[in-house]
Amino acid sequence: MNPAGYSEQMRRAWAITRKDIRIYYLKGPVLIFGVFMPVFLFLAFLMGSRQLPLAFLISGLVGMTLFFTATAVSPAIFPWEGQAKTLERLASCPITIEAVVLGDMMASTIFGIIITLVTVAIGLGLGLPLLHGIILFPVILLAACCFSAIGMLLAVPPTNVPSNIMMLSSLLKFPLVFISGIFVPLEQMPSWGLVLAFCSPLTYFTDLVRYSFTGAHYFPVLADIAALAIFTMAFTAGTMYLHKRTMPRRM
Amino acid sequence: MQDTIEVKNLTKKFGTTIAVDHISFSVHEGEIFGFLGPNGAGKTTTTRMLTGVIPPDAGFALVLGHDICRSPVLAKQGFGVVPETSNAYADLTAWQNLMLMGDLYGLPRVRAAQRASDLLATMGLLERKDQKVQGFSKGMKQRLILAMALLHEPGLLFLDEPTGGLDVQSTQMILSMLRELNRAGTTIFLTTHNMEEANRLCHRVGIIRSGKMVAIDAPERLKAAIDRVHRVEVSFDHEVPGDALAGLAGVISVNRTGDKWQITAEDKDAAIRSLVTFGIQNGVAIVTLNTLAPSLDEAFLRLTQGED
Ligand SMILES: Nc1ncnc2c1ncn2[C@@H]1O[C@H](COP(=O)(O)OP(=O)(O)OP(=O)(O)O)[C@@H](O)[C@H]1O
Ligand SMILES: [Mg+2]
């Protein structure tokens, strides 16, 4: 066994994932928040919308659900653990910072996927046809990885005050939703809006979900997938690099 | 033979304060090394650098033959840590905390479970193993953390004030456990304020003051180094005047502490003889009479209070 080897570090990252799920995700309030938030957003959406079709709404909702759930808890994990001094415990264990970050990402990926599947089930329950399931499910996985990397990026500022980080991440998350073609179809966006939309990974995911449900899409499907994949890799590499640099300042 | 810990010019600054200032020392294999110093001297900072929690600003540390900065995982794999502040996961049970450690150190599940039950039994926590750590008392937490540090059977153990705030029973239990581990070959790096503890436990102690190492030696040798005056402690069954004691042959000074008199003397033998004669002449009986060896406390105070 080489403790520093990839397979061993992967196994230890998985231990972090299980710990996160147990401590931070399998909590009544977190689960309830996870399930109800999209439902309420959807209702708000439905009432306020100018006769947008259900398929459009559900697609946006799926995009939003995955984005919010995958980034809901993870930004606060390091601040929490820094405060509770359990981060110091992890820092003295034979696990790299990259593996800890990966473990946290896997936990939020899993949480995001499960809650999002609930949303998909609501859509299907409302009689929406799923045209391209073969695209939808792998893409949910890919996007969940991407969004959980964003969640960890939000955790980079080395503060040990969870509420600061939560505030900051809300400040960044909500605008992202508005520029990602969830409330306003990309076709109806002004050109400056489109430029912003290009920069948001949520745009590509929503476009793919829309394609899965309605067959319509704004970008070519492969372009969407490629964009998501590139964002995922860039964010993952970026968050690992940044956490490695800021971790000592949390201690 | 290579030293278990080798430290060269290790330095850490926090802003403008130099918490640890170019310290160098080594810890030999198989010894219990006591790391002493007053509050804020830099003990915890040093321990955290040695355990790879914070990076040093200068210097290096070889721990178990690995550079703690360059190959932290390999070094960390070989040691266990009991940090200054309790840090088991409060939302997990004792058992889950131990299993998490098992996973993080790459122990096979069966082995981890076996070790965990053994350690919980030794620590007297077996019947609480499925309770969340939240509800544990300080002593229970500390014992659990020791168990967590020992799960993977490390050859080197770092402890930062493991007995701070614990009662006599928990303290004794932890100390005897450390002694036993050391007998079985574990090298121990122990930070403590408790001189008595260091005196009885440690093969060598290092004393740090304001980030600088001021002495490293065996406790007895440190004590011997400051042993210039002798002290005698005496108590009588009746009140006696201090002046009379101070005037006795061989006595330098007297000091009242509670119902006893502490007497410093140049010549222990002469002082005791004159105390006995004093008792007979004044018709008071001696209740206790002790000769006091200089304590590690005194060596410590001398070394840490000197001029900067
Ligand atoms: N994270 C930190 N940020 C800023 N200063 C720090 C930090 N950690 C320690 N220090 C400073 O470094 C110095 C040494 O602190 P350290 O905790 O190492 O002392 P110590 O010897 O462990 O003391 P104690 O016996 O009280 O535990 C102190 O002046 C402290 O204020
Ligand atoms: Mg300390």
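This is a predicted model: local features need pLDDT of at least 70, side-chain atom pairs count only at pLDDT 80 or more; totals for chains, interfaces and linings use all residues.
**Conventions.** I number residues from 1 along each chain as written, and letter chains from A and number ligands from 1 in the order written. Local features need pLDDT of at least 70, side-chain atom pairs count only at pLDDT 80 or more, totals for chains, interfaces and linings use all residues, and side-chain values use heavy atoms, without hydrogens and water.

**Ligand 1.** I looked up its place first. Ligand 1 lies between chains A and B. I found 14 residues around ligand 1, B:Gly40 and B:Lys43 being among the closest (near: a heavy atom within 4 Å). The shell splits into 5 nonpolar, 6 polar and 3 charged residues (Ala, Val, Leu, Ile, Met, Phe, Trp, Tyr, Cys and Pro are nonpolar; Asp, Glu, Lys and Arg charged; the others, Gly among them, polar).

I then checked oxygen atoms of ligand 1. A polar side-chain atom of B:Thr45 is 2.5 Å from one. For B:His193 the side-chain distance is 2.9 Å.

**Salt bridges.** B:Asp103 and A:Arg18 form one at 2.4 Å, N to O. B:Asp103 is buried at 15% relative accessible area, while A:Arg18 is partly exposed at 31% (buried is under 20%, exposed over 50%, partly exposed in between; 1.4 Å probe, protein chains only).

I also noted B:Asp130 with B:Lys129, at 3.5 Å, N to O. B:Asp130 is exposed at 54%; B:Lys129 is partly exposed at 25%.

Methods:
A polar contact is a pair of N or O atoms within 3.5 Å; within protein, one must be able to donate a hydrogen and the other to accept it, and residues adjacent in sequence count only if both atoms are side-chain atoms. A salt bridge is a side-chain nitrogen of Lys or Arg within 4 Å of a carboxyl oxygen of Asp or Glu.
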